[in-house]
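These notebook entries set down, in order, what I looked up in one structure. I began with the overall plan and then turned to single residues.

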Amino acid sequence: MSGAADISERLAALEDREALRDLMQRYARAADAKYTADLTLQDPDSVSQAAAEQAACFAEDAAWSAGQFGGVLSGRAAIAAFFETSPWSYALHHYVCPEIKVDGDIADLRWRLLEIGCPQADERVVLLAGVVTQTCRRTTEGWRIASMSFEVLQEIELADSRNAVTCLIPKKGQAA
């Protein structure tokens, strides 16, 4: 019987790790849903819906700290409101190399973030490389982010004009 219990525990640990990966992918998909392929923000209703989906990845009492990208926010409602006010005209998030440590109903995670972004303030295209750290908690809604912080390690200018990267991000009606 101990063999079956051991397998059951190992399976549960694997399922938790996959659920945490899925949570972060839902977060990234919602974050990216705010933008169009022609490097602009979606319409306000679409941005609002995407921001709500992104914020739903957080626990009700979550803390979000993103330094220059929003400071420190407390609570899902404040996080959702911030996500509706993007500093980007376009962004595409890639969370990679997860380090996941699960201890019961709490998990500590560390991700590498690679993000292509077009700041609203100018025409540049940048690549952000950073580290995201999270504590997640199992809730009645499933795994949710209890705290999340972001640290920029590098910001690399890929182009000073968005037109320079149309081969990477085709505009509407343009072949890749």
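**Entry 1. The chain as a whole**

I noted before anything else that this is a predicted model. I then looked up the secondary structure and found three helices and six strands in the chain. Read along the sequence, these elements follow the pattern α-α-β-β-α-β-β-β-β.

I also looked up how much of the chain is shielded from the surface. The chain has 176 residues, of which 39% count as buried. For contacts between residues at least 6 apart in sequence, I recorded that 58% join residues at least 24 apart.

**Entry 2. The order of the sheet**

In what order do the six strands stand in the sheet? I read the order as β2-β1-β6-β5-β4-β3, in an open sheet with mixed pairing. The edges are held by β2 (72-74) and β3 (88-103); each has a single partner strand, so one side of each is left without a neighbour in the sheet. From one strand to the next, the twist averages 20°.

I reminded myself of a general point here: strands of a sheet pair through backbone hydrogen bonds, either parallel or antiparallel.

**Entry 3. The pairings I followed**

I started with strand β1, residues 58-65, which pairs with strand β6, residues 142-159, in the parallel sense over four bridges. In this pairing W64 stands opposite M148 of β6.

I then looked up the pairing of β1 with β2, which is antiparallel and runs over three bridges. Here A63 stands opposite S74 in β2.

At the other end of the sheet order, I examined β3 and strand β4 (residues 106-119), which pair in the antiparallel sense over 13 bridges. E99 stands opposite R110 in β4. I also noted that β3 and β4 form a hairpin with two residues between them. G104, in the turn, has a positive phi of about 70°.

Which strands does helix α3 lie across? I found that α3 (residues 76-83) lies across β1, β2 and β6, and that the helix runs at about 55° to β1.

I next searched for aromatic pairs, and the count came to nine. I examined the pair of F58 and F83, whose ring centres are 6.1 Å apart and whose planes meet at 50°, so the pair is tilted. F58 lies in strand β1 and F83 in helix α3, so this pair ties together parts that are 25 residues apart in sequence. Both F58 and F83 are buried.

I then turned to W64 and F82. Their ring centres are 5.2 Å apart and their planes are at 40°, so this pair is tilted. W64 belongs to strand β1 and F82 to helix α3, and the pair links distant parts of the chain, 18 residues apart. Both W64 and F82 are buried.

Which residues do the ring pairs link into a cluster? I listed Y27, F58, W64, F82, F83, Y95 and W111.

**Entry 4. The cysteines**

How many disulfides does the count give? The count is zero. I looked up C57 and confirmed that this residue is in no disulfide; the nearest cysteine sulfur, that of C136, is 9.5 Å away.

Is C57 buried or exposed? C57 counts as buried, because its relative accessibility is 2%. C136 also counts as buried, with a relative accessibility of 1%.

**Entry 5. D43 in its loop**

Where is the place of D43? I located D43 in the loop between α1 (2-32) and α2 (44-55). D43 is partly exposed, with a relative accessible area of 39%.

I then looked up what the side chain of D43 reaches. The side chain comes to 3.2 Å from the backbone nitrogen of D45. A polar contact of 2.8 Å also joins the side chains of D43 and S46.

Technical notes:
Residues numbered from 1 in each chain as written. Predicted model: local features only at pLDDT ≥ 70, side-chain atom pairs only at ≥ 80, totals over all residues. Heavy atoms only, no water. Pairing = 2+ DSSP bridges. Axes fitted to C-alpha atoms, helices over the stretch in contact; angles between N-to-C directions. Contact = heavy atoms within 4.5 Å. Disulfide = S-S within 2.5 Å. Buried < 20%, exposed > 50% of the residue type's maximum accessible area, 1.4 Å probe, protein only. Phe/Tyr/Trp six-rings, centres within 6.5 Å; stacked < 30°, edge-to-face > 60°. Polar contact = N/O pair within 3.5 Å; in protein donor to acceptor, adjacent residues only side chain to side chain.
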